[in-house]
Amino acid sequence: MSVARRSSVVSVSWPRLLAVAAGLLASGCSGTKFIPEGAKLYTGGAVKVQSDSPIPNEAALNTELTAVIAPKPNASILGLRPKLYFWHMGEGKTKGLGHWLANKYGEKPVLLSQVDTQKVKSLMVNRLNNNGYFKPTVSSKVEVKGATAKVDYTAKVGKPYTIKEIHFPERDTLVDRAIRATESASLLKVGDPYNLQTFINERARIDGVLKNQGYYYFTPDYLLFQVDSTLDNQVNVFLKVKGTIPPRAAKPYVLNNVTLNTSYNLSDTTQNQKPVIYQKYRYFPDEKVFKASAITNATFLFPDSVYRRRRSDQTLSRLMSLGTFKFVDMRFRPARAKADSAGYGFLNSFIRMTQVPKQSLRAEVLLVSKSNGFTGPGFQVQYRNRSALRGAEQLLVNLTGTFENQTQSNTNTIGVTSYEIGVDAQLVVPRLLTPPFDIQLRNSDFQPRTSFGAGYRYVQRVGAFQEDVVSLNYGYTWKTKLTNEQELRPIDLQYIRLGTTSPEFDQLLVDRPFLANSFRQQFILGSSYRYTYNQQALEQRRNQIYFSGGIEGSGNLAYLASNLAGREKTTNPADNSQAYTFFKQEFSQYTKVDLEFRNYFRISPDPTSGNKIATRVLIGAGIPYLNSKVLPYLKQYGIGGPNSVRAFAARGVGPGSYRPTTSRETSTQFYDQVGDVRLEANAEYRQDLFPYVKGALFVDAGNIWLVNPDDKRPGGQFDPKSFMKQLAVGAGAGIRIDVQFFVIRFDMAYPLRYPYDTGEVRDPVTGDKLADAVKSSPRLNIAIGYPF
């Protein structure tokens, strides 16, 4: 406001006017003009620890002491406090824009008069005592600078106390003997500094051990640490069980009856029914949905066994992971009609399960967005039966249909418009079917699964071809920890039959022998294994790691069997190549390895913050051999597009330094620009902007290559000496609308380096111009979900 008044009176140059405006704006946004007269704006403080002796873990101690400094000062950015400005706009107002801005973005000034230094110093003394620094002194000093003030604290400490001796309970009781048996795993070590948190953790550790030995009613509060600190900077620690604990907490318990109710609800009437006794369980049956064995296989609380909290938690997790229950409730009560035996008590366990509907039907409209650049509308109708064979088996039947078109492709490219309809079914059995072995993974909290799948898809690529895709698979999925998952598919069959083709596509197969081979050998007799390590479920971690590694192979057993049987190879008249067949169809033979590394580092310590640095590295290689010269077409790599190197179109890069130049090559680039080897890296900085709106800055690099040379795609073969120079590089910025269950992403990317010569290309014989020089331009990517 003052800038406008001055400009009407005084004639100044624009640079000077901008400088004055910036100065006045800084003065206003610094916040000092909005505080009461005579008050000082509190700007925070710091703490310094002084000692004549070395301070172990000084940085951690400083962080702990700094955390108790209160109150927190007003937020500032480069010395500016815009939140104070917004607060001032709404001061004294009950409505209007100023009132809304103050409530939404404003912050009341924090004044020096609000600082209680005595309370802060008392808290610091407490934290120092907890870390073994007894009898410390803490002082404070106020530093005033203009209209602001800060408070600095100095803590003077001596040498920290260390543990000299540790004594565990010595009484001859069941609970004392159980505690003594845990001494070898104690967190307390002779010579370690005294630390209260270690003592708290030790109580929790002992309680956890006791809970797994039947002490259901024991709690950590029943443990007492007595510390003798009269020694010279040393303490003797005596661990005892309080003498006033209830008798039931001092003895272990055995499970008496375990009752399983699979159809519990708030108006439960099973109390009027008679339970079925199955393997000593009291089972209230719902035989229309479950067999008793389906529930008992996921139950790890066994009648006549010692109560163990580990088995209780495992049972709860396994039952919920069946996917058939909305809630699972578990209760334990003393078996009062049964007398104690040899110091042991008895518990009755009640496990109540509330079912979700057994069958469901869901239909949804989709926006299909694939990594190969195809997008378009689609639909899916899904039928689900959550206990198809009365053993909690999940049966899913999907009917899907899509219309797709490759975005930003050359208008002359054939086959970019696609129609697809398909049906597939999957039966997921909640156990490992491995006859004659009975593998149950009893130490895992997660239900292992065996899956059987089958599917059929009809695909029509307009102007190119029609194909039928049939798939059959059988495999296992299991987890041993929350972060670890493994998948083994001994059988993963795919058969793709190329049907009606257009003359243009037939000519393409003649011109591209590698493509003809990849479409001819699309009978895949595969097996695969994948291991995934994912820390993203650990939301409190600031740094989260994701790794996925898989290996798959095809045709190896079929080739070996054909070779040992002395079968003759079939000669293909198109190129005189020879290959074994399976049911008169050539099969693919290859080994393929894929590795993916991701890292997510959250800038803020707040677990809810979306400010993070996300990085990804993709490495993949498929090697065809013996029965194959190329990978099947659907197994080859492409690069570029909204989830890859975003500055380039999907399948707009590679292989290697190959560049489509003629109109014919440009029209077939969707089929040409694929490869056997992939290397890609991405990095993003993600920032919360507004509610449900996030921003990002990113850089991408990558390319694909061929294992074997192809004279139709010069420069496409992988060369260890030159592959780094052939990486396509792009960078850009993006906006993401993130409403948790749905993310729309807008990324604008600009190419920084091309893997090929971007100049004008001419025919070396005729001199005719084949392609213009490449003009760099930004590319807008619209996608659903994050790229990684």
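Biologist: Leu301 first: does it count as buried or exposed?
Modeller: Buried, because its relative accessibility is 2%. The scale calls a residue buried under 20% relative accessible area, exposed over 50% and partly exposed in between, with a 1.4 Å probe and protein chains only.
Modeller: Ground rules: this is a predicted model, where local features need pLDDT of at least 70 and side-chain atom pairs count only at pLDDT 80 or more, while totals for chains, interfaces and linings use all residues. Residues are numbered from 1 along each chain as its sequence is written, and side-chain values use heavy atoms, with hydrogens and water left out.

Biologist: Where does Leu301 lie?
Modeller: In the loop between helix 9 (292–296) and helix 10. Helices (H or I, at least four residues) and strands (E, at least two) are DSSP runs, numbered from the N terminus.

Biologist: And what does Leu301 touch?
Modeller: Leaving out residues up to four places away in sequence, its contacts include Leu255, Val258, Tyr281, Arg311, Met330, Phe332 and Ile351. Contact means heavy atoms within 4.5 Å. Tyr281 is 20 residues from Leu301 in sequence, and their C-alpha atoms are 9.6 Å apart.

Biologist: Switching to the sheet: what is the strand order?
Modeller: It's 5-7-6, an open sheet of 3 strands with mixed pairing. Two strands pair if DSSP finds at least two bridges between them. Strand 5 (162–167) and strand 6 (223–228) are the edges, each pairing on one side only.

Biologist: How many bridges join strand 5 to strand 7?
Modeller: 5, and those two strands run parallel. His167 has Phe238 in strand 7 as its bridge partner.

Biologist: Which helix lies across strand 5, strand 6 and strand 7?
Modeller: Helix 8 (residues 196–211), at about 145 degrees to strand 6. Angles run from 0 to 180 degrees between N-to-C directions, and axes are lines fitted to C-alpha atoms, for helices over the stretch in contact.

Biologist: What do the buried residues of helix 8 pack against?
Modeller: Strand 5, helix 7 (174–180), strand 6, strand 7 and helix 10 (309–321). Among those buried residues are Phe199, Ile206 and Leu210.

Biologist: Last one: how do helix 3 and helix 6 cross?
Modeller: Roughly at 145 degrees, with the axes of helix 3 (residues 58–66) and helix 6 (residues 117–130) coming within 9 Å. Leu61, Glu64 and Leu65 in helix 3 meet Met124, Arg127 and Leu128 in helix 6.
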